[in-house]
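The exercises below are meant to be worked with the sequence and the 3D view side by side.

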Amino acid sequence: MKVFYPSCNYAIASRENAKKLRAIMKEKMDVAGCCLYDKRDPKDVVGVYMCQHCRETIETKMPTLSLWEYLLEIEYPFPQYNHTKMVLQDCWRDRNHPEIHDAVREILHRMQIDVVEMKYNRQNARFCGTLHYETDNAELHQRISQYPNTKISDLPEELQCALMQDNFRDVDPDLTIIVDCNRCKKGVELAGRKAEHLMDLILTNNAQED
């Protein structure tokens, strides 16, 4: 039996699309509440998730399947973007999940989005917004060293912005950056770049028809 675990953070960031997604998934399977407080018996349950935090919460209790893989399984009618070029940001928390890398790219291919790969992608990803970022910028390392044992999200806002901008220094500023992680989206926006969550692209009403 499959159970969908919706993302609380996605619901906050994209309320209307989160409602659409919940309605779609309720036609397919049971929809859980927050993964942190779900008390169902995990026996014979496969948890379908879209959020890295949800995965980390439920994967110790049950087998999991990403929403991206599931949508490919059911051959969801993806909208078409007529070969619009966009940059793909892989999440650091997915670095050990090649099945997600492959599923996301297949979805983008089916939506006719031409993907621009970042230098540090797939298993080499080093970015998850203000949760995690590994920089090779010596000046930023020096500045960060002034705040030992401090989370990125607790650094001065100006320094957070500088870190986020550093991650996209080689990315065309005119291109939209696709993410499948809520924390990554916040990081992209903190860098002053345009970000689109993959789920928003899937559920949009503005995609171009062939």
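A cavity, in the sense used here, is a set of grid points where a 1.4 Å probe fits but cannot get out, and its volume is the space filled by probe spheres set on those points. The model to which this is applied is a predicted one.

**Exercise 1. Determine how many cavities of 30 Å³ or more the structure holds, and describe the lining of the largest cavity.**

Step 1. The structure holds 1 cavity of 30 Å³ or more, and the space in the largest cavity comes to about 30 Å³.

Step 2. Its lining consists of Tyr49, Met50, Cys51, Gln52, Arg55, Trp68, Asp94, Ile100 and Asp180.

Step 3. Sorted by class, the lining of the largest cavity has 5 nonpolar, 1 polar and 3 charged residues.

**Exercise 2. Describe the largest pocket by its volume, its lining and the elements that contribute to that lining.**

Step 1. The largest pocket contains about 210 Å³ of space.

Step 2. Its lining is made of 16 residues, and those nearest the pocket centre are Met118, Lys119, Asn167, Asp170 and Val171.

Step 3. When the lining of the largest pocket is divided by class, 7 residues are nonpolar, 2 are polar and 7 are charged.

**Exercise 3. Work out the strand order and the bridge partners in the sheet that contains β1.**

Step 1. This is an open sheet of 4 strands in the order β2-β1-β3-β4, with parallel pairing. At its edges stand β2 and β4 (64-66), each of which pairs on one side only.

Step 2. Strand β1 (residues 2-5) pairs with strand β3 (residues 46-49) in the parallel sense over 4 bridges, and within this pairing lysine 2 has valine 46 of β3 as its bridge partner.

Step 3. β1 also pairs in the parallel sense with strand β2 (residues 30-31), here over 2 bridges. Valine 3 has aspartate 30 of β2 as its bridge partner, while phenylalanine 4 stands opposite valine 31 in β2.

**Exercise 4. Do the corresponding analysis for the sheet that contains β9, and locate the helix that lies across β9 and β10.**

Step 1. Here 4 strands form an open sheet in the order β6-β5-β9-β10, and the pairing is parallel. The edge strands, each pairing on one side only, are β6 (113-117) and β10 (195-197). On average, neighbouring strands of this sheet are turned by 40° against each other, direction ignored.

Step 2. Strand β5 (residues 84-88) and strand β9 (residues 177-179) are paired in the parallel sense over 2 bridges, and leucine 88 stands opposite isoleucine 178 in β9.

Step 3. The helix in question is α8 (residues 182-190), which lies across β9 and β10 and runs at about 165° to β10.

**Exercise 5. Decide how the radius of gyration of the protein chain compares with that of a compact globule.**

Step 1. The protein chain has 9 helices and 10 strands, and its C-alpha atoms fill a box of roughly 50 × 45 × 30 Å along the principal axes.

Step 2. For 210 residues, a compact globule would have a radius of gyration near 17 Å, and because the protein chain has 18 Å, the two agree.

Methods
Residues numbered from 1 in each chain as written. Predicted model: local features only at pLDDT ≥ 70, side-chain atom pairs only at ≥ 80, totals over all residues. Heavy atoms only, no water. Pairing = 2+ DSSP bridges. Axes fitted to C-alpha atoms, helices over the stretch in contact; angles between N-to-C directions. Contact = heavy atoms within 4.5 Å. 1 Å grid on protein atoms, 1.4 Å probe; cavity = no way out; pocket = protein on both sides within 12 Å on 5 of 7 lines; lining within 4 Å. Nonpolar A, V, L, I, M, F, W, Y, C, P; charged D, E, K, R; others polar. Rg over C-alpha atoms; globule rule 2.2 N^0.38 Å.
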